[in-house]
Amino acid sequence: MSPTATPAPGAPAARRKAAEATAPPSAPAARDPFFDNAKYLALVLVALGHAWQPLTYTSRVMTALYMTVYAFHMPAFILVSGYFSRGFDLSPAKVRRLISGVVVPYLVFEVAYTYFQHWAEKGEPPEPLTLLNPWYLNWFLAALFVWRLTTPVWQALRWSLPLSLVLATLAMTCPSIGDDFDLMRVFQFLPFFVAGLNLERHHFELVRRRWVRIAAVPVLAGAVALAYGLAPHLDEAWLFRNYSVQALHQPLWTAPVATAALTGCAAVLIVCFLAWVPRRRTWFTALGGGTLYGFLLHGFLIKLSRWWDWYEAAAWIKEPVGWAVVTLLAVAMITVLCSPPVRRVFRPVVEPRADWLFRR
């Protein structure tokens, strides 16, 4: 048998491993433009939600758009993250990647966000530096660490998705969970990560059907109209997924109702969103590989806009022309922050080489 030949089915495990070890490496799989497009567009929605929030105080229209986007933008982002976590196991290589790609950036940005607040928010008491209570956008890295670390558990369970919904509901009834690692969000967003783990590529093709794409347009329009009607009555804190029903001054029975309603609405809107994500390469496809950069870095600009009263600079900002300008600036901001030049500059802190941390 030649060193690169495939061993017979009955060959000992040692011979099979030896053949695999000496076989020439296969070409890396090409990136699927659909998922890069989906990640970029989902991040654009995240940025729009953050940029629109100050405009909701004076406009019911912007409140409706804001609430619609908040109903599904992070669930969509998390579902795709779950899909790409399907191959995670507790092998040394995967654990090293988890530490260098999630834990180290979490620590770096927890310090960076805290001291950025000390410098930029004048007249306010400085936030204490704590590694247990994620600051602002860092909650996603804390949650991703927990979700990915528990991936083998969810993949081993028969009814992982129903169980994740039960845990999300129970978390909503437990104000004692506290702020450590933002566990309330970890549990309440968990079903979307678990759903991603259970999806296959052909599931995403289902939403490409013509009737789904056509139906997505009136459904999205209806969602905005419904949000417009609910805007004066619905506490938008429900959409943040980091409060218990007690904190929202609601009875316990609202927890399963809210979990079902929020999850169902998010699922429908995710389908509508994915139905219109391009399958081909576009001008923004390459930016999909840098979404973590855009996600973590845009938080600095969003916070500056609040602390330095950018929205109070002119009255027209809170009028329709201002809404359009804010929207365009938010899209431009995310596009630049995901671009290759920015990624090259910030790669040491977002995707650090941490080989020195690990044993050979």
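Q: Where does leucine 137 sit in this predicted model?
A: Leucine 137 is in the loop between α5 (92-120) and α6 (139-149), and the model is a predicted one.

Q: Why is leucine 137 called buried?
A: Its relative accessible area is 3%. Buried means under 20%, so leucine 137 counts as buried.

Q: What does leucine 137 touch, once residues up to four places away in sequence are set aside?
A: Leucine 137 touches His50, Tyr113, Phe295, Leu296, His298 and Gly299.

Q: How far apart are leucine 137 and aspartate 36?
A: In sequence, leucine 137 and aspartate 36 are 101 residues apart. In space they are 21 Å apart, C-alpha to C-alpha.

Q: What makes tyrosine 136 partly exposed rather than buried or exposed?
A: Tyrosine 136 is found in the loop between α5 and α6, and its relative accessible area is 23%. Buried needs under 20% and exposed needs over 50%, so tyrosine 136, at 23%, is partly exposed.

Q: What is worth a look in the backbone of tyrosine 136?
A: Tyrosine 136 has a positive phi of about 55°, although it is not a glycine. Most residues other than glycine have a negative phi.

Q: Why is phenylalanine 181 called partly exposed?
A: Phenylalanine 181 has a relative accessible area of 32%.

Q: How do you know that the span of α8 is close to what is expected?
A: Helix α8 (residues 160-172) has 13 residues. From first C-alpha to last it reaches 19 Å, close to the 18 Å expected at 1.5 Å a residue.

Q: Which residues of α8 are buried, and what covers them?
A: The buried ones are Ser160, Ser164, Ala168, Thr169, Ala171 and Met172. Their cover includes α7 (151-156), α9 (183-188), α10 (190-198) and α13 (254-275).

Q: Why is α2 called oblique to α15?
A: Helix α2 (residues 33-52) and helix α15 (residues 320-337) pack at about 135°, with axes 9 Å apart. Roughly perpendicular stops at 115 degrees and roughly antiparallel starts over 145, so α2 is oblique to α15. The contact of α2 with α15 divides into twelve nonpolar, two polar and no charged residues.

Q: Which way does α2 pass α15, and which residues of α2 meet it?
A: α2 passes α15 in a right-handed crossing. Among the residues of α2 that meet α15 are Tyr40, Leu43 and Trp52.

Q: Why is threonine 291 called buried?
A: Threonine 291 lies in helix α14 (residues 291-307). Its relative accessible area is 7%, and the cut-off is under 20%, so threonine 291 is buried. Leaving aside neighbours within four places in sequence, threonine 291 is in contact with Lys39, Tyr40, Leu43, Phe77 and Cys338.

Methods:
Residues are numbered from 1 along each chain as its sequence is written. This is a predicted model: local features need pLDDT of at least 70, side-chain atom pairs count only at pLDDT 80 or more; totals for chains, interfaces and linings use all residues. Side-chain values use heavy atoms; hydrogens and water are left out. Helices (H or I, at least four residues) and strands (E, at least two) are DSSP runs, numbered from the N terminus. Buried means under 20% relative accessible area, exposed over 50%, partly exposed in between (1.4 Å probe, protein chains only). Contact means heavy atoms within 4.5 Å. The expected span of a helix is 1.5 Å times one less than its number of residues. Axes are lines fitted to C-alpha atoms, for helices over the stretch in contact, and angles run from 0 to 180 degrees between N-to-C directions. Angles under 35 degrees count as roughly parallel, over 145 as roughly antiparallel, 65 to 115 as roughly perpendicular and the rest as oblique. A crossing is left-handed if the near helix is turned anticlockwise from the far one by less than a right angle, and right-handed if clockwise. Ala, Val, Leu, Ile, Met, Phe, Trp, Tyr, Cys and Pro count as nonpolar, Asp, Glu, Lys and Arg as charged, and the others, Gly among them, as polar.
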